[in-house]
Amino acid sequence: MTLAFVFPGQGAQTIGMGKALADAYPAAKAVFDEVDEALGESLSSLIWDGDIETLTLTQNAQPALMATSMAAMRALEAEGVDVTRAAFVAGHSLGEYSALAAAGALSVADTARLLRTRGQAMQSAVPVGEGAMAAILGLDLDAVRAVAEEAAQGEVCQAANDNDPTQVVVSGAKAAVERAAEIAKEKGAKRAVMLPVSAPFHCALMQPAAEVMAEALAGVEIKAPAVPLVANVRAEAVTDPDLIRQLLVEQVTGSVRWRESVQYMAAQGVTEAWEIGAGKALSGMIRKIDRGVACSAVGTPEDVQKALQAGD
């Protein structure tokens, strides 16, 4: 078994995520305490007892999902499974930060602050209502790129997330994305679904946020990760801290090449992926990308025990 640890992105958040881990493992509880201290507020109270609308705000969802992933990672470590059990780490969008924290390249406190900054910067880059994202189901990347180009009509419209062979997300100006959804259906897409997001992530409209992140990342120590990171914008393994810093900036406006990232890991011999943190979205994508990669979600104490048995 060659293992990869993968870390979810925005959309996986739920009220109560990570609570059972924090109750069962002191090291997991310590993650939430560290994130609360780093942000100067009780984000854990929002995660466990708040309302989903507030948790879903980008500036809250990003550090909250990272905290939950790191709590699961600490639970695994408490059971004797550390990150070096994996051949690679990878994360979907904000999950890339969780992956880097898990691999020791970033401290948990720095990661929480970076994600709070990233969330605020991405939210404020485009006025609410001016941008949009849509999931195009049933067309491949090349077809969706052609749709986005036709729909742009002088506005920004780009393929933002290449999630799996059946799903590519477009992002950009609201009217252009709405046109893309209609054109995609005309071109044979099974469905085109407008996504309930507050900003058009991973497209050129995010350039102001990329500039904010360049400044924020310049002030943070990034170490070489304990295992290679498969980077979103490259879909290949990287370990150099300066390159990682550069790619995290590029990632704000660049496409999340998740399908290619999974294909890369499979080509390097990965046969199992553990989805560390909230939800099972990445597991679903991975199954569509490569049936030869077995998937397990690790987000509760029961999941940790199952993963340990599977890994024996």
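Residues are numbered from 1 along each chain as its sequence is written, and side-chain values use heavy atoms, with hydrogens and water left out. In this predicted model, local features need pLDDT of at least 70 and side-chain atom pairs count only at pLDDT 80 or more, while totals for chains, interfaces and linings use all residues.

Me: Why is Ser98 called buried?
Reply: Buried means under 20% relative accessible area, exposed over 50%, and partly exposed in between (1.4 Å probe, protein chains only). Ser98 has a relative accessible area of 0%, and is therefore buried.

Me: Which residues does Ser98 touch, not counting residues up to four places away in sequence?
Reply: Contact means heavy atoms within 4.5 Å. On that count, Ser98 touches Phe7, Met66, Ser69 and Met70.

Me: Why is α12 called roughly perpendicular to α13?
Reply: Angles of 65 to 115 degrees count as roughly perpendicular, under 35 as roughly parallel, over 145 as roughly antiparallel, and the rest as oblique. Helix α12 (residues 258–267) and helix α13 (residues 281–289) pack at an angle of about 65°, with their axes 10 Å apart. That angle makes α12 roughly perpendicular to α13.

Me: Which residues make the contact between α12 and α13?
Reply: Trp258, Arg259, Val262 and Gln263 of α12 meet Leu282, Met285, Ile286 and Ile289 of α13. The residues of this contact comprise six nonpolar, one polar and one charged. Here Ala, Val, Leu, Ile, Met, Phe, Trp, Tyr, Cys and Pro count as nonpolar, Asp, Glu, Lys and Arg as charged, and the others, Gly among them, as polar.

Technical notes: Axes fitted to C-alpha atoms, helices over the stretch in contact; angles between N-to-C directions. Helix = DSSP H or I, 4+ residues; strand = E, 2+ residues; numbered from the N terminus.
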